[in-house]
Amino acid sequence: MAKAAAVASERLGGGEGDPRFLKAKLQSSRFFADHVLPQTAGLLASVVNSASVTTFGPALL
Amino acid sequence: MTPYAPPVGEMRFVLDEVAGLDAIASLPGYELATSDTVAAVLDEAANLASDVLAPLNASGDREGSLLENGVVRTPAGFRDAYRAFCDGGWGGLPCPQEYGGQGLPLAVSVAVSEMWASANLGFALCPMLTVGAVEAIEHHASDELKALYLPRLVSGEWTGTMNLTEPQAGSDVGALKTRAVKEGDHYRITGQKIFITYGDHDLAENIVHLVLARTPGSPPGTRGISLFLVPKLLPDANGLPSRRNDVRCVSLEHKLGIHASPTAVLAFGDEEGAIGFLVGEEDRGMECMFTMMNNARLNVGVQGIAISERAFQQALEYARTRMQGIPVGRDAAEPIIWHPDVRRMLLLMRSRTEAARALTYFTAALLDLADHSLDAAENKRARARAELLVPMVKGWSTDLGVENASLAVQVHGGMGFIEETGVAQHYRDVRITPIYEGTNGIQALDLLGRKLVRDQGKAAYALIADMRATPAMAPALSAAIDAAEAATRYLLDTWASDPARATAVRRRISPCSRRWPAAG
């Protein structure tokens, strides 16, 4: 997405290509950076800090 | 129902700018894949997908494939659609030219496959499996088998299947029991296979089953499995399908989705034993499977993107036309797209679909590079990176496919829950994709055990270093890359000290991989 965004931004600046498509690509990239990428922090915490599933035996399930 | 509009402009953009089609077209054997040719191929494929395949999606779902009097019938219109598909030469798009294929790069082929799967996933599975069979035969079968079977599979005259699963052998393929006993120049196959996609149908005159089985005295587990080619109808001396082989469709499964695709229970050898021909060597069947695995998993990832795209288009159209209430900050009733929460859902769908597409086409291009580059070092680098990314493409794209299709139902409100609306079908159809071709738990285990541990994170750290070199780095991307690196390090350290603990988090690795597409 970063690569796509960089190309879209360059083309828009140079007046090339379909502006609606390129602007939509920038919108998607921006949204992805603002709303999807930050989820990695929570996922990382879940991977690294949480008690491992191995400590929760099957008996109580 | 919203007609499918293939996103050809977006596909070309991703192929040109993210996958690097120019570099692929400069590889020996891929000279034809210039930007102009590829544009023409995509336009033609778009016509077939939107005009022929997409209109049969809902009716195919309603009718389903049916087994009647021992014959499997596909839904109305499928036979004509398959003929049009074969007449266009589409089945052989990524197949070698020497057998009648087009020999186009995998990167182009995944874009075209995305259109088939968006238009009609139940239909698209048949040619996808045939391409898998072509690959296995091309790489491992004898010249005699290749000469007889490949041209007919590439043309689509005959179709292919993969027979791995048995009732007791799903993810644990090593537990399979189907037996193969040598008899002259062939083997006799006996056993039952389940979940065989397009295991029987009326689209083509013959079906070529690729079957995993054990020979007497073979070692237990995956080391004792061999691969056999078992035609539904045995070809005569002229290669024409003649005598019925001892393989039979016993029943079709009643499934959550992909109703048009017949999922067969196949009985081999109820009478004298089905005649099968060894592909590769005895006990080396799993290696043959591994040859196909990267492409097959990539193609299932593509299905996740395909359904995301189709569901998004339908949700967008609905959100633009459905009037409901006065959105906050507006003075009068407006379509629901004016509601910020609806726009949030649409943006989430579109941005994740585009990110997954970028990662997938990028990975396909790496596989093209790995197969066709003359530079041995580049070759090796590309393969290591592609193999690291393939389980992420499969796991991430298909998980997203389910989430995106669910959001598309949500955008429709109550109408989304009603079958006539059509969006519920996408939600049902896509649900298989995180399961088949290696469940996403298996993908995560592959990522951890094979792709990270085997080279001690070398390929992963190299990719992370390249992502850090992304120009105009956004802070969110930089933080996500840090998270990717920390997770990789944690998993490698934990694997060394406590492997069970590392595998316990395995299911979470795959969603965590959403950081990678940032670099794709």
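**Notes on the A–B contact, a pocket and the cavities**

1. Let's start inside: the count comes to four cavities of 30 Å³ or more. A cavity here is a set of points on a 1 Å grid over the protein atoms alone where a 1.4 Å probe fits but cannot get out. Grid points are joined across faces, edges and corners, and a volume is the space filled by probe spheres set on the points.

2. Before going on, bear in mind that this is a predicted model, where local features need pLDDT of at least 70, side-chain atom pairs count only at pLDDT 80 or more, and totals for chains, interfaces and linings use all residues. Residues are numbered from 1 along each chain as its sequence is written, chains are lettered from A and ligands numbered from 1 in the order in which they are written, and side-chain values use heavy atoms, with hydrogens and water left out.

3. The largest cavity holds about 50 Å³ of space. Its lining (residues with an atom within 4 Å of a point) includes Y82(B), F85(B), P127(B) and L153(B). Helices α5 (78-87), α7 (121-140) and α8 (143-155) of chain B each supply at least two residues of that lining; helices are DSSP runs of H or I with at least four residues, numbered from the N terminus. You'll find six nonpolar, four polar and no charged residues there, with Asp, Glu, Lys and Arg counted as charged, Ala, Val, Leu, Ile, Met, Phe, Trp, Tyr, Cys and Pro as nonpolar, and the others, Gly among them, as polar.

4. Next, the second largest pocket, with a volume of about 1,000 Å³. A pocket is an open set of points with protein on both sides within 12 Å along at least five of seven lines. Of its 36 lining residues, the closest to the centre are R381(B), A382(B), A384(B), R385(B) and A459(B). α11(B) gives the most to this lining, with 10 residues. By class, the lining has 19 nonpolar, three polar and 14 charged residues.

5. Now for where the chains meet. Contact (heavy atoms within 4.5 Å) takes in 30 residues from chain A and 37 residues from chain B. The buried area, meaning accessible area (1.4 Å probe) lost on putting the two parts together, summed over both, is about 3,100 Å², with carbon and sulfur atoms giving 68%.

6. Three salt bridges are counted between chain A and chain B, each a side-chain nitrogen of Lys or Arg within 4 Å of a carboxyl oxygen of Asp or Glu. One of them joins R11(A) to E17(B), with the closest N and O atoms 2.3 Å apart.
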